[in-house]
Amino acid sequence: MEQRDILDVIGVGVGPFNLGLAALIDKKDCTYKCFEQKDEFNWHPGMLLEGTTLQVPFMADVVTMVDPKSPYTFLNYLHEHERLYQFYFFEKFHIPRNEYNHYCRWVASQLSGLEFNSTVKEVKMHEDAKPYYEVTVEKEGKLYTYYSYHLVTGVGTQPVVPRDFQTVASDTFYHSAHYKMKRQQTLQAKSITVIGSGQSAAEIVYDLLQQQPEFEYKLNWYTRSKGFYPMEYSKLGLEHFSPDYTRYFYRLPEEKKESVLRNQALLYKGISFETIGNIYDLIYERTIGGKEVPLTMRALTELAGVEKINDTHLLTLHQYEQDSFEKEESEIVIMATGYHAKEPAFMEGLKEHVLFDEKGQLKINERYQVEMKKKGAPLFVQNGELHTHGVGAPDLGLGAYRNAVLINQIAGKSVYKIYKNTVFQKFGF
């Protein structure tokens, strides 16, 4: 066989999790590359609204929770940008979302192993004595081949509009992920409807409420949820986003996990107390002196149909407890309907090697490694293990921990310390 340069690890996708992998592995004795099809790092650019913040403390940067001495910490970012005193007086754990994105871009700019404008087209596994991956990458119209002993997928999730309404998607009927890019056009509309009751929906409604006196549009907010509920954010509730709870959840019987996840929706869905408070306070002020409530809000109400009529949409709304229907015209419709994982095309070449459960989901072991039909090169998953590891899978605060677990396996030694006790309460017996 020809002599090949084989990297220790290749990462597919550069979101916060594989960015953290690169930052944590960069100074170690491991060779790596991470490929991203976008032309630069940009974290949820459509929701980088002024006044919005992360829902986790600033220590959920890409390294601090396992390596607070790293040059890539958020505090060092502040130091390098001469903002430590301003942050000191800012006195907030939850940093602006725009600043988190700027911090991540600063980290990315220093890592030579990141390759943007690079789409992973195909992955094959070679089952040699020491198995390895062959990764085909397209960049600027040309194909390149790389090899690695480990592969880490971190391709994230995609905005989802319910299938029944995908055919009406347009510049005036769009997912919340595109809000900032379409905001100026949206503000010119005579009527705007937001569908959904998660944090993104609430942030958009608050932004639109603030602009409403100037632009004078009609504003509607509907959700099929039972209410505009807050996310659980008590200190003991937050302990569910810990290595301890992740271990507890992983060891539950498979048949239990799905029902447990169903009952934990408000741990990671819903709206922050602060955003609910901001919306309520603004409505309260706008209704002084008997003025009309400036928006229509209805829970228990699902979008049942959409008909495009000239420059507007005729929405059919279903209040499912009363089983009654109403019609509503809206020029702009913003679907804050969440994100789903989508299997990347390159996984096709690995299907003959990996194991799936009865529901067609990847079987993933406790150390985030996909189980193989027979011994093969390790394949790790970032933020694709909700079904096996629980609610902490997409949480930024657990990203560094998961990367430490991965890197210790890739390096074949304990590079990063893994804490055994991280919370005060006990999960299970």
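The largest share of the lining of the second largest pocket, six residues, comes from α6. Helices like this one are DSSP runs of H or I with at least four residues, strands are E runs of at least two, and both are numbered from the N terminus. As for the pocket itself, the term refers to a 1 Å grid over the protein atoms alone: a pocket is an open set of points where a 1.4 Å probe fits, with protein on both sides within 12 Å along at least five of seven lines, and lining residues have an atom within 4 Å of a point.

Before going on, note that this is a predicted model, where local features need pLDDT of at least 70 and side-chain atom pairs count only at pLDDT 80 or more, while totals for chains, interfaces and linings use all residues. Residues are numbered from 1 along each chain as its sequence is written, and side-chain values use heavy atoms, with hydrogens and water left out.

Back to that pocket. It holds about 600 Å³ of space, a volume being the space filled by probe spheres set on the grid points, which are joined across faces, edges and corners. There are 27 lining residues, and the closest to the centre are Gly51, Thr52, Thr53, Glu274 and Thr275. Helices α5 (179-187), α6 (199-215) and α11 (273-286) each give at least two residues to the lining. By type, the lining has nine nonpolar, 11 polar and seven charged residues. Here Ala, Val, Leu, Ile, Met, Phe, Trp, Tyr, Cys and Pro count as nonpolar, Asp, Glu, Lys and Arg as charged, and the others, Gly among them, as polar.

Next, the nonpolar cores. A core is a set of buried Ala, Val, Leu, Ile, Met, Phe, Trp, Tyr and Cys residues joined through side-chain atoms within 4.5 Å. Buried means under 20% relative accessible area, exposed over 50%, and partly exposed in between, using a 1.4 Å probe and protein chains only. The largest core has 49 residues, and Leu19, Tyr103, Val107, Leu111 and Leu114 touch the most other members. Among the elements that supply at least two residues of this core are α1 (16-25) and α13 (399-411). Another core, of 25 residues, lies apart from it and includes Tyr179 and Ile332.

Then there are the salt bridges, 19 of them in the whole structure. The term means a side-chain nitrogen of Lys or Arg within 4 Å of a carboxyl oxygen of Asp or Glu.

| Pair | N to O distance |
|---|---|
| Glu115 and Lys139 | 3.1 Å |
| Glu138 and Lys121 | 3.6 Å |
| Asp244 and Arg247 | 3.5 Å |

Glu115 in strand β3 (residues 114-115) and Lys139 in strand β5 (residues 132-139) are 24 residues apart. Glu115 counts as buried because its relative accessibility is 17%, whereas Lys139 is partly exposed at 24%. Salt bridges that share partners also join Lys33, Glu115 and Lys139 into one network. Asp244 and Arg247 sit three residues apart in helix α8 (residues 243-250), about one turn of the helix, and both are buried.

Last, a look at the backbone. Most residues other than glycine have a negative phi. Glu216 has a positive phi, near 60°, and lies in the loop between α6 and β10 (218-222). Asn383 also has a positive phi, near 60°, in the loop between β17 (379-381) and α12 (386-389). Are these two residues buried or exposed? Glu216 is exposed, at 66% relative accessibility, whereas Asn383 is buried, at 18%.
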